[in-house]
Amino acid sequence: MKITHIILLIVIAAGIAILATSITDASTYDSIASAKAKPGKYVHLIGKLDTANGQKIVYDALTNPNYLSFHLVDSLGGSTKVVYMKGKPPTDMERSERMVLKGKMTDSAFVCDDILIKCPSKYTEEKAQISSK
């Protein structure tokens, strides 16, 4: 084999390795039921804050500033407790329409690594201000 063939094979192998590792990061949204069916696997959940039945956001900066818990409900009606151990709640979390949570399901709760919130009222207010000018 020529040197160019060997180099080409190494480049192709590296490309396949990069593609294989990036596929594991690409994830679709899971329902709470499907996340409970695969505990310990990294998933993305989408849902909204569950405020029914007196569910509240639990965060006390004096006791433990790195502990946040709340309940999430998805579009299929599934509900779970969410635990976030990386600091205070995101701004306007209570007013958000939807949240995307990244993390792993355990026996008792969804342990979240990242919270992304979507607050559509921000965008509709800006739209209303633009159209009124």
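Trainee: What's the relative accessible area of Leu9?
Mentor: Leu9 comes out at 49%, so Leu9 counts as partly exposed. With a 1.4 Å probe and protein chains only, buried is under 20%, exposed over 50%, and partly exposed in between. Keep in mind that this is a predicted model, where local features need pLDDT of at least 70, side-chain atom pairs count only at pLDDT 80 or more, and totals for chains, interfaces and linings use all residues. Residues are numbered from 1 along each chain as its sequence is written, and side-chain values use heavy atoms, with hydrogens and water left out.

Trainee: OK, and which helix is Leu9 in?
Mentor: Helix α1, residues 3-25. Helices here are DSSP runs of H or I with at least four residues, strands are E runs of at least two, and both are numbered from the N terminus.

Trainee: Switching topic: how many salt bridges does the structure hold?
Mentor: Two, taking a Lys or Arg side-chain nitrogen within 4 Å of an Asp or Glu carboxyl oxygen. In one, Lys38 meets Asp30 at 3.4 Å, N to O; in another, Lys102 meets Asp114 at 4.0 Å. That Lys102 and Asp114 pair links distant parts of the chain, from strand β6 (residues 98-105) to strand β7 (residues 110-118), 12 residues apart.

Trainee: Now the strands. How do β4 and β5 pair?
Mentor: Antiparallel, over six bridges, with β4 spanning residues 64-73; pairing takes at least two DSSP bridges. Phe70 stands opposite Val82 in β5. The hairpin has five residues between the strands, and Gly77 there takes a positive phi near 95°.

Trainee: And β5 with β7, in which sense?
Mentor: Parallel, over three bridges. Val82 stands opposite Phe110 in β7.

Trainee: Where does Thr80 sit, then?
Mentor: Thr80 is in β5, residues 79-84, and is buried because its relative accessible area is 5%. Leaving out residues up to four places away in sequence, Thr80 touches several residues, including Phe70, Leu72, Met105 and Phe110, where contact means heavy atoms within 4.5 Å.
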